[in-house]
Structures are given as C-alpha cells and as structure tokens.
Amino acid sequence: MLFFLTQLCRFALCSLKILGINVFTYILAAACLFFLGMNAILGPGWLGQSIGLKGTGTFTEVSDSLPGVIDLSGNENLL
C-alpha cells in the first residue's frame, strides 16, 4: 500500500512538472485571487484610491464634455 501511495505522489509531482506548474504559478494564482477578492469586497478602484491615483475610486468630478442637463422632450426623442 505504501508503494502505491509513493508511486501516486511521484506521478502527481511529475504531471505537475510536465504541465509547467511551479512555485511562480502558485504565487500568480494567489495574487489573482487576492486582487479579485479585494475588488469584490472593496469595489473597483480600491487600489488606485489607496495609492493616491487621481480619478480612481469615487466619482467626484464631472467631465466638461458631458452636458449638465439633457432635454428629452424634443421631437427627435419621441416614439
């Protein structure tokens, strides 16, 4: 039984090496899970807001190219 478990573990390790899964892959997967989890918990823009990037996080400024008021009662907007 011990021989079978040893061979099974050896097969699993060899198959991981053949697939190219090494320590870097696990670190990359952990980083992806961390950042996706933080996005789900804190919302998009949390990283830029925490390091001080302007324009990330909350919407506090309105662009000049956007109109302040939109009138939808014109003839071109009626059905």
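Predicted model: local features only at pLDDT ≥ 70, side-chain atom pairs only at ≥ 80, totals over all residues.
Visitor: What pattern does the protein follow along the sequence?

Guide: Helices (H or I, at least four residues) and strands (E, at least two) are DSSP runs, numbered from the N terminus. The protein has three helices and zero strands. Read along the sequence, the pattern is α-α-α.

Visitor: How does the reach of helix 2 from its first C-alpha to its last stand against the expected value, and what is that reach?

Guide: The expected span of a helix is 1.5 Å times one less than its number of residues. Helix 2 has 20 residues, and 28 Å is expected. Its reach is close to this, at 28 Å.

Visitor: Why is the pair of Phe 34 and Phe 35 classed as it is?

Guide: Rings of Phe, Tyr and Trp (its six-membered ring) pair if their centres lie within 6.5 Å; planes under 30 degrees apart count as stacked, over 60 as edge-to-face and the rest as tilted. The structure holds one aromatic pair. The ring centres of Phe 34 and Phe 35 lie 5.2 Å apart and their planes stand at 75 degrees, so the pair is edge-to-face.

Visitor: Is Leu 47 buried, exposed or partly exposed?

Guide: Buried means under 20% relative accessible area, exposed over 50%, and partly exposed in between (1.4 Å probe, protein chains only). Leu 47 is placed in helix 3. Its relative accessibility is 41%, so Leu 47 counts as partly exposed.

Visitor: What percentage of the residues of the protein count as buried?

Guide: Phe 34, with a relative accessible area of 44%, is partly exposed, and Phe 35, at 38%, counts as partly exposed. Of the 79 residues of the protein, the share that counts as buried is 5%.

Technical notes: Residues numbered from 1 in each chain as written. Heavy atoms only, no water.
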